[in-house]
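Good morning, and thank you for coming.

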Amino acid sequence: MQLPAAPASICILRLSALGDVTHVLPLVQRLGEHWPGTHITWIIGKAEHRLLQGLQGVEFIVFDKRGGWPAIRALRQALKNRRFDLLLHMQVAARANLLSRLIKAPVRIGWNRERSRDLHHWFINRQVAHVPFQHQTEAFLEFANTLGLPAAPPRWNLPIEPAAQQWARAQVPVDQPLLVISPCSSHARRNWPAERHAAVADVAQQQLGMQVVLFGGPSQLEHETAAAIEQCMTRPCTNLVGKDTLEQSKAMLARADLLISPDSGPVHIASALGTPVLGLYAATWSRRSGPYNSLPLCVDRFAEAARRFRQCEPEALRWGTRIEEPGVMDLISVEDVIEKMRHWHAARQAESR
């Protein structure tokens, strides 16, 4: 698709989730670099907007996903007298498809049929190319490819407030390598057992000279998981679960030397900030949803999970399939993770020398 001139305005519709909106950032950066005079408007969820506060060159329209009909009416009012040259419809869920009807744009680009869901193709008139087995970051960049923008390495430029950076430094003032463990995903069956996290943390502290921070949100599961990890560890650590804001969480992830986590929002936020991530993948496939800048550092047992729980090779499953079965994360051993962590530590030491 070749446009005769740079569009005056582009609307992006991508409401959630925290990890997914980080995948959209390289597309936004490329649009702004190639078309600096184009006005970019992004319709986004409330939490996701907090994550991206301070991002330059983008107008945000915040939609409260829990707001019901009042939120829909507010969005309708905000868009009532607006017209865009392009709509980049980047979410296939039914709610987003219906909300897209409020956006006036003659060119409406969305996902290809293989990645479509909930009649998504009824709400667009252009499709991105079908590229099998594509990471989510590269998948979102297909919208730039569809517009004919030149290829470039992904860039994120995720902003962090100085006050949040000061908070992170105050929590871990000791100048030792910092391991942050974020043990919980939004899906409990993606989580690794607490005692295994504790075993890895012990090695990090006692053999690699690292300080350990436990990290996560305020839910009961996250508090209980952190407490279980602490109980199993042989030395004390810093437990910050539920004690930070979203902005402070960005700062702590940027402060970390290494993050260990299952497939979750912090994985992608840390990757966007340039922090190495040792991702734990069995319920999902790191080829699709792993930390883009740390894929070789992940422990990935998704292929084994596909054979054990779906009796097939992973390539035979629909792209994006989750195998959230009891015991699936047990396929990842403590030795798997320690080996990756030691490899990262040795490479870090070699680089510093």
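I shall speak about the sheets, then the helices, and then some details of the backbone. Please bear in mind throughout that this is a predicted model.

Let us begin with the sheets. In what order do the six strands of the open sheet that includes β1 stand? The order is β3-β2-β1-β4-β5-β6, and the pairing is parallel. The edges are taken by β3, residues 59-63, and β6, residues 126-127. Each of these two has a single partner strand, so one side of each has no neighbour in the sheet.

Which residue of β5 is the bridge partner of L87? That partner is R108.

Helix α3, residues 68-79, lies across β2, residues 39-45, and β3. Relative to β3, helix α3 runs at about 155°.

I turn now to another open sheet. Six strands stand here in the order β9-β8-β7-β10-β11-β12, with parallel pairing. At the edges are β9, residues 238-239, and β12, residues 299-300. Each has a single partner strand, so one side of each is left without a neighbour in the sheet. The partner of β9 in the listed order is β8, residues 211-214, and two bridges join these parallel strands.

Next, the helices. How many of its eight residues are buried? Eight of the eight are, so α10 is largely enclosed by the rest of the structure. The buried residues are G265, P266, V267, H268, I269, A270, S271 and A272. What do they pack against? Their neighbours are the helices α1, α2 (46-52), α9 (246-255) and α11 (286-289), together with the strands β10 (258-262) and β11 (277-281). Just after α10, G274 takes a positive phi of about 90°.

The crossing in which α1 passes α10 is left-handed. On the α1 side the contact involves G19, T22 and H23, and on the α10 side G265, H268, I269 and A272. By class, this contact has two nonpolar, five polar and no charged residues.

A further pair of helices is α7, residues 194-206, and α13, residues 334-352. Their axes come within 10 Å and cross at roughly 30°. These helices, too, are therefore roughly parallel to each other. Is their crossing left-handed or right-handed? It is right-handed. From α7 the contact draws on R196, A199, V200, V203 and A204, and from α13 on V334, V337, I338, M341 and R342. The residues of this contact divide into eight nonpolar, no polar and two charged.

Finally, I come to the backbone. In general, most residues other than glycine have a negative phi, and most peptide bonds are trans. A17 is in the loop between β1, residues 9-13, and α1.

The loop between β5 and β6 holds D118 and also L119. D118 is not a glycine, yet it has a positive phi of about 55°. L119, likewise a residue other than glycine, has a positive phi near 60°. Are these residues buried, partly exposed or exposed? With a relative accessibility of 40%, D118 counts as partly exposed. L119 is at 42% and therefore also counts as partly exposed.

That concludes my presentation, and I thank you for your attention.

Definitions and conventions:
Residues numbered from 1 in each chain as written. Predicted model: local features only at pLDDT ≥ 70, side-chain atom pairs only at ≥ 80, totals over all residues. Heavy atoms only, no water. Left-handed = near helix turned anticlockwise from the far one by under 90°. Helix = DSSP H or I, 4+ residues; strand = E, 2+ residues; numbered from the N terminus. Contact = heavy atoms within 4.5 Å. Nonpolar A, V, L, I, M, F, W, Y, C, P; charged D, E, K, R; others polar. Pairing = 2+ DSSP bridges. Axes fitted to C-alpha atoms, helices over the stretch in contact; angles between N-to-C directions. Parallel < 35°, antiparallel > 145°, perpendicular 65-115°, else oblique. Buried < 20%, exposed > 50% of the residue type's maximum accessible area, 1.4 Å probe, protein only.
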